[in-house]
Amino acid sequence: MKTPIVTLSLACLAGTAAAQPTAQSSGTQAEFRGISAASQSVVWAAGRGGTYARTADGGSTWTSNTVPGAKALFFIDVHAVDENNAFLLGTQFEGGEARIYKTNDGGAHWTVQYSIEKPGVFFDGMAFWDADHGVAFSDPVDGSFFIVTTDDGGASWTQVPSENIAPPLAGEAGFAASGTAIAVQGDLNAWFGTGGGAVARIFRTADRGRSWNAAETPLAAGPSAGIFGVAFRDARNGVAVGGNYQAPRDSSLNIVRSSDGGLTWTVAGRSAPAGVRYGVAYVPDAARPTLIAVGPSGFGFSADDGLSWTLTDTVGYNTVGAMGPGIVWVAGVEGRIAKLLIPAH
(Lines give C-alpha, C1' and ligand atoms only; values in the text may rest on other atoms or scores of the structure.)
Protein backbone atom coordinates (compact mmCIF):
# COMPACT_ATOMS: atom_id res chain seq x y z
CA MET A 1 0.00 0.00 0.00
CA LYS A 2 1.35 3.39 -0.96
CA THR A 3 2.22 5.65 1.98
CA PRO A 4 2.44 9.39 1.29
CA ILE A 5 5.24 11.38 2.89
CA VAL A 6 4.19 14.27 5.11
CA THR A 7 6.71 17.12 5.47
CA LEU A 8 7.16 18.27 9.08
CA SER A 9 9.55 20.45 11.06
CA LEU A 10 13.24 19.56 10.83
CA ALA A 11 14.19 21.11 14.17
CA CYS A 12 16.53 18.95 16.27
CA LEU A 13 16.32 18.51 20.03
CA ALA A 14 19.85 17.85 21.27
CA GLY A 15 20.84 16.02 24.41
CA THR A 16 17.57 14.18 25.02
CA ALA A 17 18.80 10.63 24.38
CA ALA A 18 21.83 8.40 24.59
CA ALA A 19 22.98 9.42 21.13
CA GLN A 20 22.47 12.06 18.50
CA PRO A 21 22.47 11.35 14.77
CA THR A 22 25.38 12.35 12.57
CA ALA A 23 24.13 13.40 9.14
CA GLN A 24 25.96 11.95 6.13
CA SER A 25 26.00 12.80 2.44
CA SER A 26 24.26 10.09 0.41
CA GLY A 27 25.00 11.69 -2.94
CA THR A 28 21.35 11.86 -3.98
CA GLN A 29 18.15 13.77 -3.26
CA ALA A 30 15.99 10.69 -3.80
CA GLU A 31 13.68 9.66 -0.99
CA PHE A 32 14.79 6.50 0.86
CA ARG A 33 12.43 3.91 2.34
CA GLY A 34 14.79 0.99 2.84
CA ILE A 35 18.17 0.60 4.57
CA SER A 36 20.17 -2.49 5.49
CA ALA A 37 23.54 -2.93 7.18
CA ALA A 38 25.70 -5.96 6.35
CA SER A 39 28.45 -4.98 8.79
CA GLN A 40 29.73 -1.98 10.71
CA SER A 41 31.17 -0.66 7.46
CA VAL A 42 28.80 -1.84 4.71
CA VAL A 43 25.31 -0.33 4.38
CA TRP A 44 22.91 -0.19 1.42
CA ALA A 45 19.91 2.14 1.06
CA ALA A 46 16.99 1.97 -1.39
CA GLY A 47 14.76 4.70 -2.75
CA ARG A 48 12.58 6.42 -5.28
CA GLY A 49 13.14 6.34 -9.03
CA GLY A 50 15.18 3.15 -9.04
CA THR A 51 17.80 4.75 -6.77
CA TYR A 52 20.15 2.99 -4.40
CA ALA A 53 23.12 4.12 -2.29
CA ARG A 54 26.01 2.22 -0.74
CA THR A 55 28.84 2.81 1.70
CA ALA A 56 31.73 0.46 2.41
CA ASP A 57 33.49 2.65 4.98
CA GLY A 58 30.89 3.14 7.66
CA GLY A 59 29.33 6.14 5.97
CA SER A 60 32.39 8.32 5.52
CA THR A 61 31.63 8.18 1.80
CA TRP A 62 28.52 7.07 -0.07
CA THR A 63 27.96 6.33 -3.74
CA SER A 64 24.51 6.47 -5.29
CA ASN A 65 23.13 5.48 -8.66
CA THR A 66 20.00 4.22 -10.41
CA VAL A 67 19.43 0.70 -11.65
CA PRO A 68 19.09 0.68 -15.46
CA GLY A 69 15.47 0.25 -16.49
CA ALA A 70 14.12 0.76 -12.97
CA LYS A 71 13.33 4.49 -12.86
CA ALA A 72 9.58 3.77 -12.78
CA LEU A 73 10.03 1.73 -9.59
CA PHE A 74 10.32 2.81 -5.98
CA PHE A 75 12.84 0.59 -4.20
CA ILE A 76 10.98 0.22 -0.93
CA ASP A 77 13.31 -2.39 0.58
CA VAL A 78 16.90 -3.60 0.39
CA HIS A 79 18.81 -6.51 1.90
CA ALA A 80 22.58 -6.14 2.23
CA VAL A 81 24.58 -9.38 2.20
CA ASP A 82 28.04 -7.84 2.01
CA GLU A 83 30.02 -5.17 0.16
CA ASN A 84 29.34 -6.76 -3.22
CA ASN A 85 26.03 -8.58 -2.82
CA ALA A 86 22.63 -6.99 -2.21
CA PHE A 87 18.95 -7.35 -3.14
CA LEU A 88 16.53 -4.55 -4.05
CA LEU A 89 12.72 -4.80 -4.00
CA GLY A 90 11.00 -2.35 -6.33
CA THR A 91 7.31 -1.70 -6.77
CA GLN A 92 5.43 0.71 -9.01
CA PHE A 93 3.37 3.09 -6.90
CA GLU A 94 0.52 3.04 -9.39
CA GLY A 95 0.43 -0.70 -8.70
CA GLY A 96 0.56 -3.71 -10.95
CA GLU A 97 4.31 -4.19 -11.33
CA ALA A 98 7.17 -5.28 -9.07
CA ARG A 99 10.71 -6.59 -9.43
CA ILE A 100 13.51 -7.99 -7.28
CA TYR A 101 17.06 -7.21 -8.37
CA LYS A 102 20.40 -8.59 -7.19
CA THR A 103 23.97 -7.41 -7.61
CA ASN A 104 27.14 -9.38 -6.92
CA ASP A 105 29.64 -6.70 -7.89
CA GLY A 106 28.80 -3.79 -5.61
CA GLY A 107 26.11 -2.35 -7.87
CA ALA A 108 28.08 -2.21 -11.10
CA HIS A 109 25.56 -4.63 -12.61
CA TRP A 110 22.08 -5.72 -11.55
CA THR A 111 20.11 -8.83 -12.50
CA VAL A 112 16.32 -9.08 -12.40
CA GLN A 113 15.63 -12.14 -10.26
CA TYR A 114 11.88 -11.80 -10.07
CA SER A 115 9.39 -9.77 -12.09
CA ILE A 116 5.62 -9.63 -12.13
CA GLU A 117 3.03 -7.50 -13.88
CA LYS A 118 -0.43 -8.20 -12.53
CA PRO A 119 -3.34 -6.01 -11.42
CA GLY A 120 -3.28 -5.51 -7.66
CA VAL A 121 0.39 -6.33 -7.17
CA PHE A 122 2.03 -3.89 -4.75
CA PHE A 123 4.96 -5.24 -2.75
CA ASP A 124 5.45 -3.87 0.76
CA GLY A 125 8.57 -5.55 2.12
CA MET A 126 11.30 -8.17 1.85
CA ALA A 127 13.48 -9.93 4.42
CA PHE A 128 16.12 -12.66 4.48
CA TRP A 129 17.00 -15.21 7.11
CA ASP A 130 20.40 -15.63 5.45
CA ALA A 131 21.98 -15.10 2.03
CA ASP A 132 19.94 -17.95 0.49
CA HIS A 133 16.54 -17.86 2.21
CA GLY A 134 14.23 -14.88 1.82
CA VAL A 135 10.60 -13.77 1.62
CA ALA A 136 8.70 -10.83 0.14
CA PHE A 137 5.03 -9.89 0.39
CA SER A 138 2.53 -7.85 -1.60
CA ASP A 139 -0.92 -6.45 -0.97
CA PRO A 140 -3.68 -8.98 -1.70
CA VAL A 141 -4.08 -10.20 -5.26
CA ASP A 142 -7.11 -12.29 -6.29
CA GLY A 143 -8.32 -12.53 -2.70
CA SER A 144 -5.05 -13.46 -0.99
CA PHE A 145 -1.90 -11.79 0.20
CA PHE A 146 0.72 -12.40 -2.48
CA ILE A 147 3.87 -13.90 -0.91
CA VAL A 148 7.00 -15.27 -2.60
CA THR A 149 9.98 -17.08 -1.10
CA THR A 150 13.44 -18.12 -2.23
CA ASP A 151 15.73 -20.90 -1.00
CA ASP A 152 18.57 -20.35 -3.47
CA GLY A 153 19.72 -16.78 -3.01
CA GLY A 154 17.00 -15.40 -5.25
CA ALA A 155 17.81 -17.47 -8.33
CA SER A 156 14.19 -18.61 -8.16
CA TRP A 157 11.16 -17.29 -6.28
CA THR A 158 8.08 -19.39 -5.51
CA GLN A 159 4.60 -18.06 -4.77
CA VAL A 160 3.07 -19.35 -1.53
CA PRO A 161 -0.28 -21.05 -2.29
CA SER A 162 -3.21 -18.88 -1.22
CA GLU A 163 -4.71 -21.74 0.79
CA ASN A 164 -1.63 -21.55 3.06
CA ILE A 165 -2.26 -17.90 3.94
CA ALA A 166 -4.96 -16.55 6.25
CA PRO A 167 -7.45 -14.64 4.06
CA PRO A 168 -7.35 -10.83 4.08
CA LEU A 169 -10.02 -8.61 5.57
CA ALA A 170 -11.89 -6.14 3.39
CA GLY A 171 -9.46 -3.34 2.54
CA GLU A 172 -6.52 -4.98 4.30
CA ALA A 173 -3.02 -4.40 2.92
CA GLY A 174 0.55 -3.64 3.93
CA PHE A 175 2.32 -0.28 4.13
CA ALA A 176 5.44 0.24 1.97
CA ALA A 177 6.81 3.01 4.16
CA SER A 178 10.05 1.69 5.65
CA GLY A 179 11.03 -1.81 4.55
CA THR A 180 10.35 -2.92 8.14
CA ALA A 181 6.77 -4.06 7.51
CA ILE A 182 8.21 -7.59 7.51
CA ALA A 183 10.76 -9.06 9.93
CA VAL A 184 12.53 -12.42 10.23
CA GLN A 185 14.12 -14.16 13.20
CA GLY A 186 16.15 -17.34 13.62
CA ASP A 187 15.96 -19.82 10.75
CA LEU A 188 12.19 -20.15 10.32
CA ASN A 189 10.19 -17.29 11.85
CA ALA A 190 8.80 -14.22 10.10
CA TRP A 191 6.06 -11.64 10.68
CA PHE A 192 4.45 -8.89 8.64
CA GLY A 193 2.01 -6.19 9.67
CA THR A 194 -1.13 -4.88 7.99
CA GLY A 195 -3.66 -2.06 8.07
CA GLY A 196 -6.27 -0.61 5.80
CA GLY A 197 -9.08 -2.81 7.12
CA ALA A 198 -11.18 -2.80 10.25
CA VAL A 199 -8.40 -4.44 12.32
CA ALA A 200 -4.61 -4.14 12.24
CA ARG A 201 -3.12 -7.63 12.12
CA ILE A 202 0.17 -9.48 12.27
CA PHE A 203 0.73 -12.44 9.95
CA ARG A 204 3.19 -15.06 11.24
CA THR A 205 5.05 -18.01 9.80
CA ALA A 206 7.09 -20.57 11.73
CA ASP A 207 8.08 -22.65 8.67
CA ARG A 208 10.09 -20.16 6.59
CA GLY A 209 7.08 -18.74 4.80
CA ARG A 210 5.33 -21.91 3.68
CA SER A 211 2.21 -21.12 5.74
CA TRP A 212 0.87 -17.99 7.45
CA ASN A 213 -1.62 -17.37 10.26
CA ALA A 214 -2.98 -13.98 11.34
CA ALA A 215 -3.43 -12.45 14.79
CA GLU A 216 -5.46 -9.34 15.59
CA THR A 217 -3.80 -6.45 17.42
CA PRO A 218 -5.33 -3.57 19.40
CA LEU A 219 -3.63 -0.97 17.22
CA ALA A 220 -6.09 1.36 15.49
CA ALA A 221 -6.70 0.56 11.82
CA GLY A 222 -8.49 2.08 8.85
CA PRO A 223 -7.87 3.13 5.24
CA SER A 224 -4.71 5.09 6.19
CA ALA A 225 -3.90 3.43 9.52
CA GLY A 226 -2.48 0.23 10.91
CA ILE A 227 0.90 -1.43 11.40
CA PHE A 228 3.89 -0.04 9.48
CA GLY A 229 6.84 -1.77 11.17
CA VAL A 230 7.61 -5.02 13.01
CA ALA A 231 10.69 -6.12 14.99
CA PHE A 232 11.48 -9.19 17.11
CA ARG A 233 14.47 -9.54 19.41
CA ASP A 234 14.01 -13.31 19.81
CA ALA A 235 11.44 -15.94 18.90
CA ARG A 236 8.93 -14.71 21.48
CA ASN A 237 9.43 -11.01 22.16
CA GLY A 238 8.56 -8.41 19.56
CA VAL A 239 6.87 -5.10 18.85
CA ALA A 240 4.81 -3.57 16.08
CA VAL A 241 4.48 0.15 15.42
CA GLY A 242 2.17 2.26 13.32
CA GLY A 243 -0.52 4.89 13.41
CA ASN A 244 -2.28 6.96 10.79
CA TYR A 245 -0.22 8.60 8.04
CA GLN A 246 -2.96 11.17 7.49
CA ALA A 247 -2.56 12.29 11.12
CA PRO A 248 1.25 12.31 11.45
CA ARG A 249 1.30 14.12 14.82
CA ASP A 250 -1.57 12.23 16.44
CA SER A 251 -0.78 11.21 20.03
CA SER A 252 -2.79 7.99 20.01
CA LEU A 253 -1.26 4.76 21.31
CA ASN A 254 0.84 3.42 18.45
CA ILE A 255 3.04 0.65 19.91
CA VAL A 256 1.94 -2.92 20.55
CA ARG A 257 4.00 -5.86 21.74
CA SER A 258 3.96 -9.64 21.98
CA SER A 259 5.69 -12.05 24.35
CA ASP A 260 4.46 -15.28 22.72
CA GLY A 261 5.91 -15.07 19.25
CA GLY A 262 3.14 -12.96 17.80
CA LEU A 263 0.18 -15.13 18.76
CA THR A 264 -1.28 -12.37 20.95
CA TRP A 265 -0.64 -8.62 21.17
CA THR A 266 -1.16 -5.97 23.85
CA VAL A 267 -0.84 -2.19 23.85
CA ALA A 268 2.59 -1.05 24.99
CA GLY A 269 2.16 2.72 24.75
CA ARG A 270 2.86 5.71 22.53
CA SER A 271 6.07 6.76 20.87
CA ALA A 272 8.21 9.80 21.46
CA PRO A 273 7.73 11.91 19.51
CA ALA A 274 4.04 11.30 18.99
CA GLY A 275 2.78 10.40 15.57
CA VAL A 276 2.76 7.57 13.09
CA ARG A 277 5.85 5.34 13.25
CA TYR A 278 6.99 4.07 9.87
CA GLY A 279 9.95 1.91 10.87
CA VAL A 280 11.30 0.04 13.88
CA ALA A 281 14.37 -2.02 14.75
CA TYR A 282 16.07 -3.57 17.75
CA VAL A 283 19.65 -2.39 18.23
CA PRO A 284 22.08 -5.35 18.40
CA ASP A 285 24.46 -5.51 21.37
CA ALA A 286 23.03 -2.47 23.12
CA ALA A 287 23.51 -2.37 26.89
CA ARG A 288 19.80 -3.19 27.25
CA PRO A 289 17.29 -4.47 24.66
CA THR A 290 16.83 -1.19 22.80
CA LEU A 291 14.31 -0.19 20.14
CA ILE A 292 14.45 2.71 17.76
CA ALA A 293 11.26 3.81 15.97
CA VAL A 294 11.18 6.44 13.22
CA GLY A 295 8.52 8.48 11.46
CA PRO A 296 7.87 11.83 9.80
CA SER A 297 7.74 13.61 13.17
CA GLY A 298 11.13 12.30 14.33
CA PHE A 299 12.38 9.31 16.28
CA GLY A 300 13.18 8.00 19.74
CA PHE A 301 14.44 5.04 21.75
CA SER A 302 12.87 2.54 24.13
CA ALA A 303 14.75 0.22 26.49
CA ASP A 304 11.67 -1.64 27.78
CA ASP A 305 10.07 -3.16 24.68
CA GLY A 306 8.11 -0.06 23.83
CA LEU A 307 6.56 0.80 27.19
CA SER A 308 8.39 4.12 27.51
CA TRP A 309 10.29 6.24 25.01
CA THR A 310 13.01 8.88 24.98
CA LEU A 311 12.79 11.54 22.27
CA THR A 312 15.99 11.82 20.25
CA ASP A 313 15.25 13.99 17.23
CA THR A 314 12.39 15.74 15.46
CA VAL A 315 13.99 15.34 12.03
CA GLY A 316 11.75 13.00 10.07
CA TYR A 317 13.02 9.65 8.80
CA ASN A 318 11.24 6.82 7.00
CA THR A 319 13.38 3.80 7.74
CA VAL A 320 15.86 2.37 10.22
CA GLY A 321 18.44 -0.39 10.24
CA ALA A 322 20.79 -1.58 12.96
CA MET A 323 24.05 -3.47 13.29
CA GLY A 324 26.07 -4.48 16.32
CA PRO A 325 27.62 -3.28 18.39
CA GLY A 326 25.02 -0.57 18.86
CA ILE A 327 25.18 1.06 15.41
CA VAL A 328 21.98 2.52 13.95
CA TRP A 329 21.27 3.97 10.51
CA VAL A 330 18.23 6.06 9.61
CA ALA A 331 17.20 7.35 6.17
CA GLY A 332 14.38 9.35 4.66
CA VAL A 333 13.33 12.09 2.28
CA GLU A 334 15.72 14.22 0.20
CA GLY A 335 18.43 11.55 0.36
CA ARG A 336 18.72 11.97 4.12
CA ILE A 337 20.93 9.41 5.92
CA ALA A 338 22.30 9.60 9.46
CA LYS A 339 24.29 7.35 11.79
CA LEU A 340 23.96 6.88 15.54
CA LEU A 341 26.04 5.02 18.12
CA ILE A 342 24.25 3.40 21.06
CA PRO A 343 26.13 2.30 24.21
CA ALA A 344 26.97 -1.39 23.82
CA HIS A 345 27.75 -4.16 26.30
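Asp 151 is partly exposed, with a relative accessible area of 44%, where partly exposed lies between buried (under 20%) and exposed (over 50%), for a 1.4 Å probe and protein chains only. The model is predicted, so local features need pLDDT of at least 70 and side-chain atom pairs count only at pLDDT 80 or more, while totals for chains, interfaces and linings use all residues. Residues are numbered from 1 along each chain as its sequence is written, and side-chain values use heavy atoms, with hydrogens and water left out.

**Asp 151 and its surroundings**
- Asp 151 sits in the loop between strand 12 (144-150) and strand 13 (158-159), strands being DSSP runs of E of at least two residues, numbered from the N terminus.
- Together with Asp 130, Asp 132, Asp 152 and Asp 187, Asp 151 forms a negative surface patch, that is, like charges joined within 9 Å among residues with over 30% relative accessible area and no salt bridge, a salt bridge being a side-chain nitrogen of Lys or Arg within 4 Å of a carboxyl oxygen of Asp or Glu.

**Strands 18 and 19**
- Strand 18 (residues 225-232) is largely enclosed by the rest of the structure, because eight of its eight residues are buried.
- Strand 18 pairs with strand 19 (residues 238-244) in the antiparallel sense over seven bridges, pairing requiring at least two DSSP bridges.
- Ala 225 has Asn 244 of strand 19 as its bridge partner, and a hairpin of five residues joins strand 18 to strand 19.

**Lys 102**
- Lys 102, which lies in strand 8 (residues 97-103), is partly exposed, with a relative accessible area of 22%.
- From C-alpha to C-alpha, Lys 102 and Phe 123 are 16 Å apart in space and 21 residues apart in sequence.

Key: Helices (H or I, at least four residues) and strands (E, at least two) are DSSP runs, numbered from the N terminus. Patches are made of residues with over 30% relative accessible area and no salt bridge: like charges are joined within 9 Å, nonpolar side chains (Val, Leu, Ile, Met, Phe, Trp, Tyr) within 5 Å. Accessible areas come from the Shrake-Rupley method with a 1.4 Å probe; for residues, only the protein chains shown count as cover. Lys and Arg count as positive and Asp and Glu as negative; His and the chain ends are not counted. The place of a charge is taken as NZ of Lys, CZ of Arg, CG of Asp or CD of Glu.
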